Each structure stands twice: as structure tokens, then as C-alpha cells.
Amino acid sequence: MNILAVGAGGFLGAVARYLIGKIPFPACGFPLATFTVNLLGAVIIGIVFALTAKLGGSDSGTVLFLKTGFCGGLTTFSTFSLEGLSLIQDGHAGVFAVYAAASVGVCLLGAALGNAIGNMAA
């Protein structure tokens, strides 16, 4: 049942991301659709995390549907945000700074590498 909850949430999160990407945001050079889904995912995963901490049930189907499924399908930035918040709250702001810089920098390089590989294959 847990797999179905994650899969259903992932499906809906991915569809939501697609539909938000179709919103005609103003052309301003800033990726508003991606920013919107990342912010939305971060807010949702924060709410789910807080409620789970208060009420328990971190492995429930609903939590898996929302946190791993929906937020994971919508964006992986939500998980990054939650991990960052946890590091800061646990007094590891320096670790978070390194994690954030490394995540952005390395993933940017990864995207550049993938782009280069894709261009060579085409």
C-alpha cells in the first residue's frame, strides 16, 4: 500500500508541476514557474513535517503520499529545503551553507555535463 501511496502522490505532483509550468507567467527572465513549484513544495513538506512531528505517524500512507510522493513529484527542492531547515534548527548552519553551495554548484555542473553529453549524442 505504501508504494501505491507514493506512486499516486508522485503522479499528482508531477502533473501539478506540468500544469503550473503552463501558467503564462510574465516573461521577466526569472523562472517563475520553477520557483513557484519549488516554493510550493517547500511549504507543503514543511507543513507535513510539522504535523507529523506533532501528531506522529511518519510512515503513514498519507505522509508518504504527500511528502515522498506529491512533493517528490512536484520538486526535489522540497526535500532539500526540509533538510536545510533541520540542519539550521539543529545548530549546523555551517554544514547547511556548505550543503547549499555544493548542491547548487555541483548540480549546475551536472546539468552542464548532461547538456554537453546530450549535445554530443544528438
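Mentor: Cys-71 counts as buried, with a relative accessibility of 0%. Keep in mind that this is a predicted model.

Trainee: Why is Cys-71 called buried?

Mentor: Buried means under 20% relative accessible area. Cys-71 has 0%, so the label buried applies.

Trainee: Where does Cys-71 lie, and what is it in contact with?

Mentor: Cys-71 lies in helix H3, residues 61-74. Leaving aside neighbours within four places in sequence, its contacts are Gly-41, Ile-44, Ile-45, Leu-66, Thr-76 and Ser-78. Gly-10 is 61 residues away from Cys-71 in sequence, yet the two C-alpha atoms are 7.3 Å apart.

Trainee: How many disulfides does the structure hold?

Mentor: The structure holds zero disulfides. Cys-107 is in no disulfide, and the nearest cysteine sulfur, that of Cys-71, is 18 Å away.

Trainee: What makes Cys-107 and Cys-28 exposed?

Mentor: Exposed means over 50% relative accessible area. Cys-107 has 54%, so Cys-107 is exposed. Cys-28 has 51%, so the label exposed holds for Cys-28 too.

Trainee: Which class does Thr-52 fall into, buried or exposed?

Mentor: Thr-52 has a relative accessible area of 14%, and because the limit for buried is under 20%, Thr-52 is buried. Thr-52 is found in helix H2, residues 32-55. Not counting residues up to four places away in sequence, Thr-52 touches Gly-57, Ser-58 and Val-63.

Trainee: And Ala-121, buried or exposed?

Mentor: Ala-121 has a relative accessible area of 68%, and because exposed means over 50%, Ala-121 is exposed. Ala-121 has its place in helix H5.

Trainee: Now the rings. How many aromatic pairs does a search of the whole structure find?

Mentor: The search finds four aromatic pairs. One of them is Phe-30 with Phe-35, with ring centres 5.4 Å apart and planes at 65°.

Trainee: Why is the pair of Phe-30 and Phe-35 called edge-to-face?

Mentor: Centres must lie within 6.5 Å for a pair, and planes over 60 degrees apart count as edge-to-face. The centres are 5.4 Å apart and the planes stand at 65°, so the pair is edge-to-face. Phe-30 is partly exposed, with a relative accessible area of 45%, and Phe-35 is partly exposed, also with 45%.

Trainee: What makes the pair of Phe-77 and Phe-80 tilted?

Mentor: Planes under 30 degrees apart count as stacked and over 60 as edge-to-face, with the rest tilted. Phe-77 and Phe-80 have ring centres 5.3 Å apart and planes at 40°, so the pair is tilted. Being three residues apart in helix H4, Phe-77 and Phe-80 are separated by about one helical turn.

Trainee: Which residues line the largest pocket?

Mentor: The lining consists of Thr-76, Phe-77, Phe-80, Tyr-99, Ser-103, Val-104, Cys-107 and Leu-108. About 180 Å³ of space lies in this pocket. Helix H4 (77-89) and helix H5 (93-121) each supply at least two lining residues, and H5 gives the most, with five.

Trainee: How do the lining residues divide by class?

Mentor: Six are nonpolar, two are polar and none is charged.

Trainee: What is the overall pattern of the protein along the sequence?

Mentor: The pattern is α-α-α-α-α, with five helices and zero strands. Of its 122 residues, 20% count as buried.

Definitions and conventions: Residues numbered from 1 in each chain as written. Predicted model: local features only at pLDDT ≥ 70, side-chain atom pairs only at ≥ 80, totals over all residues. Heavy atoms only, no water. 1 Å grid on protein atoms, 1.4 Å probe; cavity = no way out; pocket = protein on both sides within 12 Å on 5 of 7 lines; lining within 4 Å. Points joined across faces, edges and corners; volume = space filled by probe spheres on them. Helix = DSSP H or I, 4+ residues; strand = E, 2+ residues; numbered from the N terminus. Nonpolar A, V, L, I, M, F, W, Y, C, P; charged D, E, K, R; others polar. Buried < 20%, exposed > 50% of the residue type's maximum accessible area, 1.4 Å probe, protein only. Contact = heavy atoms within 4.5 Å. Disulfide = S-S within 2.5 Å. Phe/Tyr/Trp six-rings, centres within 6.5 Å; stacked < 30°, edge-to-face > 60°.
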